Amino acid sequence: MDFRSGLNSDKPQIINLLVDSFKEYITTKNMFQSKFRSSAKFDKLLHKYFALEVNVFMKKGLVYVGADGKGKPRAVALIEFSQGNQISSWDYLTLDGLKLIPEILRSGFNGFNAFDIFKFEDLFDLVKGKKKCAVEYLAVDKKLRGQGIGSKMLNNHISPYVKKIGYRNIILETNTQKNVKFYKKNHFSVRSVKKVNLSHGDVKDWALSKAI
């Protein structure tokens, strides 16, 4: 597996990886009505959403992939930093992020409380120091899970890169106990646990960090 920065030509595969990984994620499911999630419109909306995310992060050079021998992305991570090349609301607006909001609202979305999950300034406050990195998304091809690719992505690519440019902490959040176990195995420690109220069921939100 070759770990490298994401390329524009990788976008279709990256978006598909994220959609496949997160459409059954408990937070995603609990934000939308089950009837909508069973329709083709759900996949279409998720593709638009992750296309926006990938475009924003790609523009900042913050997309990293694990590619197979043919160069096809099989794992992806989108990360953000507390200093330097930061992502702002303006980045989403300049890439037509506002156009997606009405479509999300029409879908029956009702997860506004969950926006607390994605406030990285809160995450960054969990650890000391000024230079911190947050992993927003980490996804591995379903067919290749269990082969240590996610761990290699974190330990052999992201951690060395982040450390090289002067950052000493990696922070992330997850909403499943299974993922907590995975990150603990990769030397992350739980910093906080909170309950997030969603319209179709509450979820737990774990914030974890690792010093590098």
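1. Rings of Phe, Tyr and Trp (its six-membered ring) are taken as a pair if their centres lie within 6.5 Å. In this predicted model, ring pairs join Phe 22, Tyr 25, Tyr 49, Phe 50 and Tyr 137 into a cluster. By this rule the count comes to 12 aromatic pairs.

2. Two of the pairs may be described in detail. Planes over 60 degrees apart count as edge-to-face. The ring centres of Phe 22 and Tyr 25 are 5.4 Å apart and the planes stand at 80 degrees, so this pair is edge-to-face. Both Phe 22 and Tyr 25 are buried. For Tyr 183 and Phe 188, the centres are 5.5 Å apart and the planes are at 70 degrees, so this pair is edge-to-face. Tyr 183 is buried, as is Phe 188.

3. A charged side chain also meets a ring. Lys 131 lies over the face of Tyr 167, at 4.9 Å from the ring centre.

4. The sheet should be read next. Seven strands form an open sheet in the order β1-β2-β3-β4-β5-β7-β6, and their pairing is mixed. Strands β1 (2-5) and β6 (189-196) stand at the edges with a single partner strand each, so one side of each has no neighbour in the sheet. On average, neighbouring strands of this sheet are turned by 25 degrees against each other, direction ignored.

5. Which strands pair with β3, and in what sense? Strand β2 (residues 63-67) pairs with β3 in the antiparallel sense over 5 bridges. Strand β3 (residues 73-81) also pairs with β4 (residues 132-140), again in the antiparallel sense, over 7 bridges. In β3, 8 of the 9 residues are buried, so this strand is largely enclosed by the rest of the structure.

6. Gly 66 has Ala 75 in β3 as its bridge partner, and Ala 75 stands opposite Val 140 in β4. Leu 78 has Tyr 137 in β4 as its bridge partner; Tyr 137 is also a member of the aromatic cluster. The hairpin of β2 and β3 has 5 residues between the strands, and in this hairpin Gly 71 takes a positive phi near 85 degrees.

7. Is Ile 171 buried or exposed? Ile 171 has 0% relative accessibility and therefore counts as buried. This residue lies in strand β5 (residues 169-174). Leaving aside residues up to four places away in sequence, Ile 171 touches Leu 123, Phe 124, Val 127, Lys 132, Cys 133, Ala 134, Val 135, Leu 208 and Ser 209. Ile 171 and Glu 136 are 35 residues apart in sequence, and their C-alpha atoms are 8.9 Å apart in space.

8. Finally, the confidence of the prediction deserves attention. The mean pLDDT of the chain is 87, and 93% of its residues reach 70 or more. Over residues 113-120, however, the pLDDT is below 50. Beyond near neighbours in sequence, that stretch has 16 contacts in the model. Where pLDDT is low, predicted coordinates should not be read in detail.

Notes
Residues are numbered from 1 along each chain as its sequence is written. Side-chain values use heavy atoms; hydrogens and water are left out. Two strands pair if DSSP finds at least two bridges between them. Helices (H or I, at least four residues) and strands (E, at least two) are DSSP runs, numbered from the N terminus. Axes are lines fitted to C-alpha atoms, for helices over the stretch in contact, and angles run from 0 to 180 degrees between N-to-C directions. pLDDT is the predictor's confidence in each residue, from 0 to 100. Contact means heavy atoms within 4.5 Å. Rings of Phe, Tyr and Trp (its six-membered ring) pair if their centres lie within 6.5 Å; planes under 30 degrees apart count as stacked, over 60 as edge-to-face and the rest as tilted. Buried means under 20% relative accessible area, exposed over 50%, partly exposed in between (1.4 Å probe, protein chains only). A charge sits over a ring if NZ of Lys or CZ of Arg is within 6 Å of the ring centre and within 35 degrees of the ring normal.
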